[in-house]
Amino acid sequence: MAWRNPWYTETVPEVDPFIGGLKEKGCHYNEDEDCWERVWVVATKNGSERSREVYKQGEDGWRVVMYGDKGDVFFEHQV
C-alpha cells in the first residue's frame, strides 16, 4: 500500500451541469471566443446556410446568441 499524505484530498472538479447539457447537445468550446457553440446547416433552394448558436457566460448569467450566415444576430436570449 502506498503512503498518502493525510492532508491531501483527491478532489475531482465539479462540472457545471449547464455545461454538461451543452456538451450533450453537441456544443464544443471555442477557446478563441471563450464560448460554447454549435453550427446549424440548413438546406436552401440554392445550396445551404449556416447558423452559429453561441452560449456565453457573463456577469449576469448565460446568454445564447444565434448568428446568421453572414454573421448577423437574429436571436438573442438570456438563459
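Residues are termed buried when their relative accessible area is under 20%, exposed when it is over 50%, and partly exposed in between, with a 1.4 Å probe and protein chains only. The structure is a predicted model, in which local features need pLDDT of at least 70 and side-chain atom pairs count only at pLDDT 80 or more, while totals for chains, interfaces and linings use all residues. Residues are numbered from 1 along each chain as its sequence is written, and side-chain values use heavy atoms, with hydrogens and water left out.

The chain holds one helix and five strands, which follow one another from the N terminus in the order α-β-β-β-β-β; helices (H or I, at least four residues) and strands (E, at least two) are DSSP runs, numbered from the N terminus. The radius of gyration of the chain, taken over C-alpha atoms, is 19 Å, whereas a compact globule of 79 residues would have a value near 12 Å, according to the rule of 2.2 Å times the number of residues to the power 0.38. The C-alpha atoms fill a box of roughly 65 × 30 × 20 Å along the principal axes, and 23% of the 79 residues count as buried.

Within helix 1, which spans residues 17–25, Ile-19, Gly-20 and Leu-22 are buried. Viewed down the axis of helix 1, these buried residues fall within an arc of 160°, so they line one face of the helix, the arc being that of the directions from the helix axis to the C-beta atoms. The face turned away from this buried side carries the exposed residues Pro-17 and Glu-24. The cover over the buried residues of helix 1 includes strand 2 (35–44), strand 3 (47–58) and strand 4 (61–67), with contact meaning heavy atoms within 4.5 Å.
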